[in-house]
Number of protein chains: 2
Amino acid sequence: MQLEAIYHRPKNNFAYAYNEKTLHIQLRVKKNDVEKVRLLYGDPYHWNKDGWIFSYKDMTFSGNDGLFDYWFVEVSPEFRRMRYGFELTNDDESIIYTEKGFFTEAPCDDVAYYFCFPFLHQADIFRAPEWVKDTVWYQIFPERFANGNPSINPKNTLPWGSTEPLRDNFFGGDFEGIIQHIDHLVDLGVTGIYFTPIFKAFSNHKYDTIDYMEIDPQFGDKKTFKRLVDICHQHGIRVMLDAVFNHSGFYFGPFQDVLENQEKSKYKDWFHLREFPVKTTPVPNYDTFAFTEQMPKLNTENEEVKKYLLDVAKYWIEEFDIDGWRLDVANEVDHAFWREFRKTVKSIKPDAYILGEIWHDSMPWLQGDQFDAVMNYPFTQGALDFFAKGKISAEEFKNVITNVLHSYPKNVNEVAFNLLGSHDTPRILTLADGNKDRIKLLLLFQLSFIGTPCIYYGDEIGMTGGQDPGCRKCMIWDQEKQDQELFTFVKHLIQLRKQYPVFCNDGEFRFLEADRNKNYLVYQKQSKDETLLFMLNNSDKEVEIPFVNGIRTALDLWNNCQ
Amino acid sequence: MQLEAIYHRPKNNFAYAYNEKTLHIQLRVKKNDVEKVRLLYGDPYHWNKDGWIFSYKDMTFSGNDGLFDYWFVEVSPEFRRMRYGFELTNDDESIIYTEKGFFTEAPCDDVAYYFCFPFLHQADIFRAPEWVKDTVWYQIFPERFANGNPSINPKNTLPWGSTEPLRDNFFGGDFEGIIQHIDHLVDLGVTGIYFTPIFKAFSNHKYDTIDYMEIDPQFGDKKTFKRLVDICHQHGIRVMLDAVFNHSGFYFGPFQDVLENQEKSKYKDWFHLREFPVKTTPVPNYDTFAFTEQMPKLNTENEEVKKYLLDVAKYWIEEFDIDGWRLDVANEVDHAFWREFRKTVKSIKPDAYILGEIWHDSMPWLQGDQFDAVMNYPFTQGALDFFAKGKISAEEFKNVITNVLHSYPKNVNEVAFNLLGSHDTPRILTLADGNKDRIKLLLLFQLSFIGTPCIYYGDEIGMTGGQDPGCRKCMIWDQEKQDQELFTFVKHLIQLRKQYPVFCNDGEFRFLEADRNKNYLVYQKQSKDETLLFMLNNSDKEVEIPFVNGIRTALDLWNNCQ
């Protein structure tokens, strides 16, 4: 057995509380190296005269990511505490794996050898709001969704869709436009909207906040926003706003004060200033987002800044009843701040959703004390590479997705924010060179996968566009120019997701076939009572895919026939 | 190369902020499998027309634990943020290891492949109080250290040392006794005392707290305690108390109230009661420490309990100026509580020390948001097995210690609480079957190792005793019965530790020789300017150990001669 490949360390995806009674334990071993794994576990204080008393429980193979096999088991220790190890068996040998290394027999003279889950506390369980896992998100870039009130158009507003989107042009999208088109969203079936920033800012994207307490007048006033939130709620749609707390805009009052008063500014500790006088050229002598002098990094370790931002977080929930915050560049803000942020937000709205923008492995933010979810870009990358771009094989795709799923606890995966594109990336149809069939498979995968899918405005009607600003075109409202067939396809998938819990997050996801050479994919979603089988042909040719597992009859959910 | 053995995951011992400018990066690979490792790193936003711009830095081999080699490097990214990967080379190949797997060439079209340390924030750095790493601790079990005021003896107090310690007998140790013997501690050179519990309780060990706000009258009153703390401080000795917050004693007021008033008790949410009526026999129907009905587990998730315990934590600091809290059964209390505990304690005394009792891998508690250190039992186990019990070879010992060191960040190791014994374990001399030579080597290792050593009262004068209560004998004050030679030996080591920073925590620890067959050990402590060489013969025979590394002349620190 390849001992060096065997890995486990508690209090992350390898060992966590799934709910108030249940622990999940995961083990990683070399691919195809182990035939049987049993969890060896017991209460740390349960002894008799022969030593520590423990039991065994079979673990289940849960996937392989090309390099490793993963094994899984669920246990409910009676007194909510557990010491444990693993018994691994293959044709050659049987070994015991513990925190203190490998043994040929399970030691029982001491529990100190074993891994420990000391106590399962409610307070430490990762717990996202209940509603999130059933939500289908829709991302709106407000400047480009619909212009419903031309009287508040910003200067030089162009006729809707009259030209390509540029870094600095305006088409006058606003709240009134969204209200007027709420039926589109209801018809599609989405149940949550993620709005990119709506606060006062000069740019069309509004990531350069001037005032976190004011709505940008080009979108409308607070009364209109309140009406928008109310209308969304009446239609069963939750509302999530974008909090850009890593940095402010250049014209944010406190930063302007710093520029004006320099060392004497009472806001000088609100930013990371390296020296005085503060200057923006040739390179800024203060910390910024990336190297953008227009976006000075906020000092979220400063008490005043903390208070200000937490007040912002509270204000939009208390006054407008928004349901969640999406946190921009969340990984570059300190963990200590996010812990306070979570406490503050949950204290006023316990079921508010907190979503962090993190592109890489996010386990340190998903321990229950910070975020409810992150934007699942590793999923995005894999799905686009396979379905849209055809860059990787079915097997490689299976490896990527298996790896993502095994990188997080199950309760984290159930609320992962699974996007395919955003205002920051080229549109899916463009990435697929206009091949709609591939996009349909991509959407099918997204909408049948574990987690919560997010549709980027316009993707459902076949809009195109390259890297931003290309992907920020005006939404097409001329029905003749919308791809109605694609819209119906997406709508159908969303309906299935709502109709069958096993289609959504109540099913165990598993790949059944993902061959290196064949360009098709078979996976299943399985609950106690039902099994859904998905067969996706990602090639240009017809393929014959035999039913696996000896299934004889099945209901065709898509066409609703036997 | 054995790809499955290669491991790295950020934000723990593998990647952490050592201070406000410095990141430490560690990589694990199969033993003897890799010849050279370079860190490949850059600012995530530093690009030119050819792609992402990155640099290389050589990593250093830092040890092997029998199964794995560890490589280490320190970097100070200019803008405090970093994406990175590893280039691993051996005779056969050179590969790139990233968060997204292995590559033959370093990809530079995207940073998303790479591991990420998003931003180095002050607020997230693990930071123990400065004074801790230079501290030599001494553990006092107050009932057994010295009886200085017989007028407050508890009922049935026995003459000092007149009989073996039992679970329930009393010898009248008290604060006055400690004050009277402070010279012993000053002479030995210790700079911190860890007191096992002193609060009101029936038992002789006082882990069954009745009142967290009162001192047990058998030890003295609050005035005497204040005087004890002041005297310690005058002698440069810090004071740490034991906080038993996982459970209360049976006679703790709120629990008695529960027993009396059952469902109507206003304290019913202070504990984990499973049903009413609450009963203690035949098995308690409430959560307890272990299965001890005398120690009901406190519900530290309850707001009132939290407030009460945090008030306790504050009270003894504010009123008596104690310097630290040792947290009993710390792993079985929720992380959320410890985060609040840290905030509360540090808000009133920023350099107070927080030490958790955890016997297993403790990384989840040592991220900067909870504890400053844990009791380093894995160190204890290894050191006792090799030196005291002779159960493992020099090589196995080297493996255990290397593993412990690589399981935590360096700033964590520097303040690890390295004990050899306590009121819970047999005394070292007893474990070594009275072989004092072995005990001397053991103490030498402890006192020259990274971390902060703790001496259990009486071990310095050669006291004996088996598993508790045997290890809780009355301290011997008759100088004729004290092992003076051992005392002088320990005192000398403590002096060296104080005199030479490289002897203490300013030296890099490294094993030089630890052979499976030879029973001796060579290790070094190295600073920029100095190298200390330790050669320990753990056998009964004389051995000749050649100088390593071509050293020709050296100063014999022990005998202070060339």
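1. Helices (H or I, at least four residues) and strands (E, at least two) are DSSP runs, numbered from the N terminus. This is a predicted model, in which local features need pLDDT of at least 70 and side-chain atom pairs count only at pLDDT 80 or more, while totals for chains, interfaces and linings use all residues. Residues are numbered from 1 along each chain as its sequence is written, chains are lettered from A and ligands numbered from 1 in the order in which they are written, and side-chain values use heavy atoms, with hydrogens and water left out.

2. Helix α4 of chain B spans residues 253–261, and Pro254(B), Phe255(B) and Val258(B) are buried in it. Buried means under 20% relative accessible area, exposed over 50%, and partly exposed in between (1.4 Å probe, protein chains only). These residues lie on the same side of α4(B), because they cover an arc of only 100° around the axis; the arc is that of the directions from the helix axis to the C-beta atoms. Their cover includes β19 (292–296) of chain B, where contact means heavy atoms within 4.5 Å.

3. Chain B holds an open sheet of eight strands with parallel pairing, in the order β22-β21-β20-β17-β14-β13-β24-β23. Two strands pair if DSSP finds at least two bridges between them. At the edges are β22 (373–374) and β23 (417–419) of chain B, each of which pairs on one side only. Strands β20 (residues 324–327) and β21 (residues 353–356) of chain B run parallel and are joined by four bridges; Leu327(B) stands opposite Gly356(B) in β21(B).

4. Which residue lies in the loop between β17 (238–243) and α4 (253–261) of chain A? It is Phe245(A), and its partner Trp325(A) is in strand β18 (residues 324–327) of chain A, so the pair ties together parts that are 80 residues apart in sequence. Both Phe245(A) and Trp325(A) are buried.

5. Phe337(A) and Trp338(A) form an edge-to-face aromatic pair, 5.1 Å centre to centre with 65° between the planes. Rings of Phe, Tyr and Trp (its six-membered ring) pair if their centres lie within 6.5 Å; planes under 30 degrees apart count as stacked, over 60 as edge-to-face and the rest as tilted. Phe337(A) is buried, with a relative accessible area of 0%, and Trp338(A) counts as buried at 0% relative accessibility.
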